[in-house]
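Hi,

Here is the structure I promised to pass on. Have a look at it first, and my notes follow below.

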Amino acid sequence: MKYFSLFLLSTFLLSSCATIVNDPTVPITFSFSDGSEGTCKVYNKRINMTVSIPGTHQIRRSDDNLQFNCKSENGKTGFGSIPSTMGAKIVASAVFIDLGIVDAITDKHRNYPASFIIPVK
């Protein structure tokens with residue numbers, strides 16, 4: 001009976017869901033390389049918004065790059081993308097039964113850098 005109870009307890013613990021509880025958004029501080037002010041249209045498959053530069057904005061996590069198209073007040077432009085990276089927590093999630101499937105659907109295991117300087121021409 002003792003071994004059966006231990007078996008049931010360990011089966012329950014190992015089959016638990018191991019999803020990541022990160023926020024769906026990550027704060028990113030944007031600034032222009034020449035120190036000017038302006039606006040940027042930032043988008044990925046989960047968000048599409050216009051943000052003021054310089055500033056810190058909540059950006060939705062995604063497994064694709066964060067695209068940006070910017071214009072400063074003095075008429076300079078900048079465009080490109082910020083790659084998203086995979087967080088270390090997904091490895092811990094993959095050890096358990098769910099294999100990180102839930103996290104792959106919600107993209108909560110992805111990260112963008114905390115700050116990004118947008119080069120302007």
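**What I found**

The largest nonpolar core has 17 residues, and the ones touching the most other members are Phe 30, Cys 40, Val 42, Ile 59, Leu 66 and Ile 118. By nonpolar core I mean a set of buried Ala, Val, Leu, Ile, Met, Phe, Trp, Tyr and Cys residues joined through side-chain atoms within 4.5 Å. Two or more residues come from each of S1, S2, S3 and S5, and S1 gives the most, with four residues. Strands here (E, at least two residues) are DSSP runs, numbered from the N terminus.

Before I go on: this is a predicted model, so local features need pLDDT of at least 70 and side-chain atom pairs count only at pLDDT 80 or more, while totals for chains, interfaces and linings use all residues. Residues are numbered from 1 along each chain as its sequence is written, and side-chain values use heavy atoms, with hydrogens and water left out.

Which residues is Val 42 in contact with, leaving aside its neighbours within four places in sequence? They are Phe 30, Ile 47, Asn 48, Met 49, Val 51, Ile 59, Leu 66, Gln 67 and Phe 68 (contact means heavy atoms within 4.5 Å).

**The sheet**

Four strands make an open, antiparallel sheet, in the order S3-S2-S5-S6. S3 and S6 are the edge strands, each pairing on one side only. Going from one strand to the next, the twist averages 15° (axes are lines fitted to C-alpha atoms, and angles run from 0 to 180 degrees between N-to-C directions). Two strands count as paired if DSSP finds at least two bridges between them; S2 and S3, which run antiparallel, are joined by seven. Asn 44 stands opposite Ile 47 in S3.

**The disulfide**

There is one disulfide by the rule used here, namely a pair of cysteine sulfur atoms within 2.5 Å. The partners are Cys 40 and Cys 70, with their sulfur atoms 1.8 Å apart. Cys 40 sits in strand S2 and Cys 70 in strand S5, so the bond ties together parts that are 30 residues apart in sequence. The torsion about the S-S bond of Cys 40 and Cys 70 is about 110°, so this disulfide is right-handed.

Buried or exposed? Cys 40 is buried, at 1% relative accessibility, and Cys 70 is buried as well, at 2%. The cut-offs are under 20% relative accessible area for buried and over 50% for exposed, with partly exposed in between (1.4 Å probe, protein chains only).

**The salt bridges**

How many salt bridges does the structure hold? Two, where a salt bridge is a side-chain nitrogen of Lys or Arg within 4 Å of a carboxyl oxygen of Asp or Glu.

One joins Lys 76 to Asp 34, with the closest N and O atoms 3.3 Å apart. Lys 76 is in the loop between strand S5 (66-72) and strand S6 (77-82), and Asp 34 is in the loop between strand S1 (25-32) and strand S2 (38-44), so the pair ties together parts 42 residues apart in sequence. Lys 76 is partly exposed, at 31% relative accessible area, and Asp 34 is partly exposed at 33%.

The other is between Lys 45 and Asp 63, at 2.9 Å, N to O. This pair links distant parts of the chain, 18 residues apart: Lys 45 is in the loop between S2 and strand S3 (47-53), and Asp 63 in the loop between strand S4 (55-60) and S5. Lys 45 is exposed, with a relative accessible area of 52%, whereas Asp 63 is partly exposed at 38%.

Cheers
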